[in-house]
Amino acid sequence: MSPILREILSRCRDLQRKDLEREILAVLETICQDKPRFFPVLALILYERDILPEESIFLWVDDVRMGRRCYPRDEVCDSKRGNLIRESQPLIEWFCSSDDGDETDH
């Protein structure tokens, strides 16, 4: 098991699902704050493994853009969170375009 996943799991044993997802995003923020290009890569991996749903990523984006500090670790400053958002923009756009495609298929 990777050290990142081990840390996430060790911190999240007794949390509700939404709290767990917030904790995962907070850990990703902390891990990637100095290397923001890794944030969307790790978020996509967790999404593809059904650990982190896109709705949680959208909520995180909204919270960061609105300046809400509702994540368990507040050691990541707003400017670094902004860098994480900028680096995540292609992933966010991909989620949006896949959602649009799903709606037209129904």
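**Notes on the predicted model**

1. In this predicted model, helix α2 (residues 17-32) and helix α4 (residues 54-65) have axes that come within 10 Å and cross at roughly 60 degrees. Helices α2 and α4 are therefore oblique to each other. Their crossing is right-handed.

2. On the α2 side, the contact is made by Lys-18, Glu-21, Arg-22, Leu-25 and Glu-29. Helix α4 contributes Ser-56, Trp-60, Asp-63 and Val-64. By residue class, the contact of α2 with α4 comprises five charged residues, three nonpolar and one polar.

3. As to the overall fold, the chain contains five helices and zero strands. Its pattern along the sequence reads α-α-α-α-α.

4. Of the chain's 106 residues, 37% count as buried. Considering contacts between residues at least 6 apart in sequence, 63% join residues at least 24 apart.

5. How many disulfides does the chain count? The count is zero disulfides, where a disulfide would require a pair of cysteine sulfur atoms within 2.5 Å.

6. Are Cys-77 and Cys-96 buried, partly exposed or exposed? Buried means under 20% relative accessible area and exposed means over 50%, with partly exposed in between. Cys-77 has a relative accessibility of 33% and therefore counts as partly exposed. Cys-96, with a relative accessible area of 34%, is partly exposed.

Technical notes. Residues are numbered from 1 along each chain as its sequence is written. This is a predicted model: local features need pLDDT of at least 70, side-chain atom pairs count only at pLDDT 80 or more; totals for chains, interfaces and linings use all residues. Side-chain values use heavy atoms; hydrogens and water are left out. Axes are lines fitted to C-alpha atoms, for helices over the stretch in contact, and angles run from 0 to 180 degrees between N-to-C directions. Helices (H or I, at least four residues) and strands (E, at least two) are DSSP runs, numbered from the N terminus. Angles under 35 degrees count as roughly parallel, over 145 as roughly antiparallel, 65 to 115 as roughly perpendicular and the rest as oblique. A crossing is left-handed if the near helix is turned anticlockwise from the far one by less than a right angle, and right-handed if clockwise. Contact means heavy atoms within 4.5 Å. Ala, Val, Leu, Ile, Met, Phe, Trp, Tyr, Cys and Pro count as nonpolar, Asp, Glu, Lys and Arg as charged, and the others, Gly among them, as polar. Buried means under 20% relative accessible area, exposed over 50%, partly exposed in between (1.4 Å probe, protein chains only).
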